[in-house]
Amino acid sequence: MAPRRPGGRGSDIGRPRDPDMDQAILRSTIQLLSEVGYVRVSVAEVARRAGVSKPAIYRRWSQKSQLVVEAMVTQLRPGMEHDSGSAADDLVALIEGLIDVLTHTPLGRVLPGLVAEMAADPMLATSYRDLIIKPNLEYWRAAVERGIARGEFSADTDVDFVLNTLAGPLYFCLLITGEPIAAGYARSAVDLIHARYGTAPS
C-alpha cells in the first residue's frame, strides 16, 4: 500500500511507488507547462517525456489538474523560516519571493488557466489552496504575528487584512490586468501596512 499523494487522487492499491519515476513525471510536467501552458498539457505527452506509461501516471494522479498542482509545488521556493529581527524586512523578503515565483517559474504562466479550471473542479481548488496557498501564507502570518508580539505592529492589527493587502495586488496584476508588477512593490506595500499599523517609524 502506497500513501495517497497529497495533490492526487490515484489509487492507493498496488506496489509501493518508485520515487524516481514520480520525479521524472513531475519534471516532465514542469517542462511541458513551460513550453505550452496548462491547456495544452497532455498526460500522453508527459508520459512520453518521462518514459512511463499513461496508466503509471493515472495510478498516481487521476486527473491532469491534480498532476499539475503537485508539479507546481516543486517550483515553489522554501519559505523563510528564520526571524531577521524585523517583521517589516521579513515581509518584504516574502513578497519578493512570491514575485519571483510568479514571474520566473511556470506557476505564473499557467495560473490563469488553472484558476479557470478551479471554478469547475472543487477538488482542484482545494488541492491548490492546501498545497500552495495555505503553507506559504503561514510564513507571512508568522511574520506579522512576530511584529505584533514585539510591538512593531499595534495589538489591533488585522492579520488577515494585512495578508490580503500585501498579496492581493500581485494576483490582481497576474490574473486581471496583465500589467507587470511595479519595481519596489514589496517595500512600498509593507510601508503602507506600517503606516496603518506600525508603532514606530519604518
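Glu 45 and Arg 48 both sit in helix α2 (residues 43-50), three residues apart, about one turn of the helix. Helices here are DSSP runs of H or I, at least four residues long, numbered from the N terminus. What we are looking at is a predicted model, where local features need pLDDT of at least 70 and side-chain atom pairs count only at pLDDT 80 or more, while totals for chains, interfaces and linings use all residues. Residues are numbered from 1 along each chain as its sequence is written, and side-chain values use heavy atoms, with hydrogens and water left out.

Back to that pair. Glu 45 forms a salt bridge with Arg 48, with 2.7 Å between the closest N and O atoms. By salt bridge I mean a side-chain nitrogen of Lys or Arg within 4 Å of a carboxyl oxygen of Asp or Glu. Arg 48 is exposed, at 59% relative accessible area. The cut-offs are under 20% for buried, over 50% for exposed, and partly exposed in between, with a 1.4 Å probe and protein chains only.

How many salt bridges does the structure hold? There are 11. Another of them joins the side chains of Asp 22 and Arg 60, at 2.6 Å from N to O. Asp 22 is in helix α1 (residues 19-36) and Arg 60 is in the loop between α3 (54-58) and α4 (64-73), so this pair ties together parts 38 residues apart in sequence. Asp 22 is buried, with a relative accessible area of 8%, and Arg 60 is buried too, at 5%.

Next, a network. Salt bridges link Asp 83, Asp 90, Arg 146, Arg 150 and Glu 152. Within it, Arg 150 pairs with Glu 152, the closest N and O atoms being 2.9 Å apart. Arg 150 is partly exposed at 39%, whereas Glu 152 counts as buried at 19%.

Last, a helix pair. The axes of α7 (residues 122-150) and α8 (residues 159-177) come within 10 Å and cross at roughly 130 degrees. Axes are lines fitted to C-alpha atoms, for helices over the stretch in contact, and angles run from 0 to 180 degrees between N-to-C directions. Are the two parallel, perpendicular or oblique? They are oblique, since under 35 degrees counts as roughly parallel, over 145 as roughly antiparallel, 65 to 115 as roughly perpendicular, and the rest as oblique. On the α7 side, the contact (heavy atoms within 4.5 Å) includes Trp 140 and Arg 141, and on the α8 side Asp 160 and Tyr 171.
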